[in-house]
Amino acid sequence: MTSNDHAIELAGGTMGRQRHVCAFFNNIDEEHRVLRSFIRDAFDRGEKVTHLVDPGTREQHLKQFAEAGINVREMMDTGRLEVPPWTDMYVRDHQFDQDSMLASVEKLPQSGAAAGYELTRLVGHHMDWVFREKPATNNLVEYEARLNHVLSKYNDPVICTYDLSKFGASVAMDIMRTHPLVIIGGLLRENPFFVPPDQFLEEMRERRSARKATASQTAQVPLDR
């Protein structure tokens with residue numbers, strides 16, 4: 001990562017060298033209330049904002065931007081605000097694809113810089129359906145760990161938002177452990193639970209091996225006659 005040209009204020013704190021944040025919210029209203037100044041500051045500085053959303057809530061997000069005093073049409077027409085549905089970024093052939101996602105996310109700061117923006121501020125919503133099955137959840141958590149390698153090359157801040165009602169404590173802890181910064185209770189904090197990505201990915205590989213070994217042992221247990 002190159003040196004930061006200016007500090008970024010977010011949720012009562014200041015982002016320094018680390019700019020990968022997980023943010024836990026209870027609803028869209030809370031999210032926009034916490035992130036409003038972060039978004040407005042981007043426009044004040046002449047930066048770009050990309051806000052990836054659930055297709056079903058896109059209009060609700062646009063309404064929140066307008067209520068915050070942002071000229072949504074002007075910002076979108078000039079390319080300074082993008083609000084694409086997450087289906088354009090996160091899904092390939094109806095599946096969660098880590099490699100495609102990482103490549104798509106990396107294009108955002110690159111395309112922003114090519115268009116003359118000093119920074120692109122990215123807010124990404126993650127799909128509710130990934131929490132319905134364990135393999136998809138593990139896939140998402142691995143992606144978040146790998147994303148740290150991509151983001152280390154850029155100064156652009158990335159906030160990954162999560163709805164607290166969609167998953168349990170164990171999943172929340174894994175999500176936290178892949179982010180150096182966290183927003184909880186509306187406040188930005190350095191994350192004491194953060195694990196370096198290579199270490200976390202090795203742990204995930206060990207978990208998979210343990211699950212396979214357990215499944216193999218279970219399959220070999222003879223049925224009672």
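Reader: In which hand does helix 1 pass helix 2?

Author: A crossing is left-handed if the near helix is turned anticlockwise from the far one by less than a right angle, and right-handed if clockwise. Here helix 1 passes helix 2 in a right-handed crossing. Helices are DSSP runs (H or I, at least four residues), as strands are (E, at least two), numbered from the N terminus. The model is predicted: local features need pLDDT of at least 70, side-chain atom pairs count only at pLDDT 80 or more, and totals for chains, interfaces and linings use all residues. Residues are numbered from 1 along each chain as its sequence is written, and side-chain values use heavy atoms, with hydrogens and water left out.

Reader: Which residues in helix 1 and helix 2 meet?

Author: Contact means heavy atoms within 4.5 Å. Ile28, Asp29, Glu31, His32, Arg36 and Ile39 in helix 1 meet Gln60, His61, Gln64 and Phe65 in helix 2.

Reader: How is a pair of aromatic rings described?

Author: The description uses the distance of the centres and the angle of the planes. Rings of Phe, Tyr and Trp (its six-membered ring) pair if their centres lie within 6.5 Å; planes under 30 degrees apart count as stacked, over 60 as edge-to-face and the rest as tilted. The count comes to 3 aromatic pairs. For phenylalanine 24 and tyrosine 162, the centres are 6.2 Å apart and the planes at 40°, so the pair is tilted. Phenylalanine 24 lies in strand 3 (residues 20–25) and tyrosine 162 in strand 9 (residues 158–163), 138 residues apart.

Reader: Are phenylalanine 24 and tyrosine 162 buried or exposed?

Author: Buried means under 20% relative accessible area, exposed over 50%, partly exposed in between (1.4 Å probe, protein chains only). Phenylalanine 24 and tyrosine 162 are buried. Together, Phe24, Tyr162 and Phe167 form one aromatic cluster.
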